[in-house]
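Thanks for asking me to look this one over with you.

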Amino acid sequence: MSEKTALVLSAHSADFVWRCGGAIALHQEQGVDVTVVCLSYGERGESAKLWKQEGMTLEKVKAARRREAEQAAAALGVSDLRFMDFGDYPLRLGKDEMFKLVDIIREVQPDVMFSHSKWDPYNTDHMYATQVALEARMIAQAWGHNPGQKVLGAPQLYLFEPHQTEQMEWKPDVFLDITPVWKKKQSAIQAMQGQEHLWQFYENVAENRGNHFRRNSGGQSGGRDCRYAEGFQSVFPRTVDTLI
């Protein structure tokens, strides 16, 4: 394991691709070990294209979704991809499932975590996944939980961009330049054959965020060039030594 680690908690098996695939690929290239945890396959609610095929079953859908996620993860350079298979629509975790997630967090010891927006009326699995991430992070920090295990520090939790930002009370405070790894993210996006209708949408999102990156780095007065970017909202204060 490298010195730095990151952990992505994805409600469904495609979410990590659309929303933070660039961050994953970029940090992998920088030597950060990124672990991606898919809480479900999105087999019920996000696989309409598969369900329209004759003779489709739940297990066939799960298998197809897993293959797509594995191909996407490989395109992003991820070697640690984990499928929890907790089910979707609705996604729900009991105490045992929560503790499995806590064990992963303590194993990975992430320097940074990623998950969904806090509010998503269109897909409550997404906001539930972030509530789970916050709760599991808290338990992983508790010295009295499984004494003897290494407790978690205080990793930042970045909320990646939801599908309809205006409806979801998500306000980015960080823009990450993913231009150097855009081709990797594009390959990962195109691995998600079951949701082809989202391919162009998320390319447009990346281009728009690239524009926002340029604007916030100085714009026409000398801003840094950036063609593709991802936006994130941080949950916790960041501790720094300078504000410049």
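1. Which residues line the largest cavity? Before the answer, please keep in mind that this is a predicted model. The lining is made up of Trp 18, Arg 19, Glu 161, Lys 185, Tyr 202, Val 205, Ala 206, Arg 209, Ala 229, Glu 230 and Gly 231. Helix H7 (199-216) and strand S7 (229-234) each give two or more residues to this lining, as does H1. The largest share, 4 residues, comes from H7.

2. How much space lies in the largest cavity? The volume is about 80 Å³. Sorted by class, its lining has 5 nonpolar, 1 polar and 5 charged residues. In total, the structure holds 2 cavities of 30 Å³ or more.

3. The second largest cavity has about 40 Å³ of space. Around this cavity you will find Arg 19, His 116, Ser 117, Asp 120, His 126, Phe 160, Glu 161, Pro 162 and His 163. Its lining divides into 2 nonpolar, 4 polar and 3 charged residues.

4. The largest pocket has a volume of about 330 Å³. It is lined by 19 residues, and those closest to its centre are Glu 46, Asn 123, His 163, Gln 195 and Leu 198. Helix H1 (residues 15-29) supplies the largest share of this lining, with 3 residues. By class, the lining of the largest pocket has 7 nonpolar, 8 polar and 4 charged residues.

5. In what order do the strands of the open sheet come? The 7 strands follow the order S3-S2-S1-S4-S5-S7-S6, with mixed pairing. Strand S3 (80-83) and strand S6 (174-177) are the edge strands, each pairing on one side only. From one strand to the next, the twist averages 25°.

6. Within that sheet, strand S1 (residues 5-10) and strand S2 (residues 33-38) run parallel and are joined by 6 bridges. As an example, Val 8 has Val 36 of S2 as its bridge partner. Helix H4 (residues 95-108) lies across S1, S2, S3 and strand S4 (112-115), and runs at about 160° to S1.

7. Last, a helix pair. Helix H3 (residues 58-76) and helix H6 (residues 182-191) have axes 8 Å apart and pack at an angle of about 175°. Angles over 145 degrees count as roughly antiparallel, and H3 and H6 are therefore roughly antiparallel to each other. On the H3 side, the contact is made by Glu 68, Gln 71, Ala 72, Ala 75 and Leu 76; H6 brings Lys 184, Lys 185, Ser 187, Ala 188 and Ala 191. By class, this contact has 5 nonpolar, 2 polar and 3 charged residues.

Note on methods: Residues numbered from 1 in each chain as written. Predicted model: local features only at pLDDT ≥ 70, side-chain atom pairs only at ≥ 80, totals over all residues. Heavy atoms only, no water. Axes fitted to C-alpha atoms, helices over the stretch in contact; angles between N-to-C directions. Parallel < 35°, antiparallel > 145°, perpendicular 65-115°, else oblique. Contact = heavy atoms within 4.5 Å. Nonpolar A, V, L, I, M, F, W, Y, C, P; charged D, E, K, R; others polar. 1 Å grid on protein atoms, 1.4 Å probe; cavity = no way out; pocket = protein on both sides within 12 Å on 5 of 7 lines; lining within 4 Å. Points joined across faces, edges and corners; volume = space filled by probe spheres on them. Pairing = 2+ DSSP bridges.
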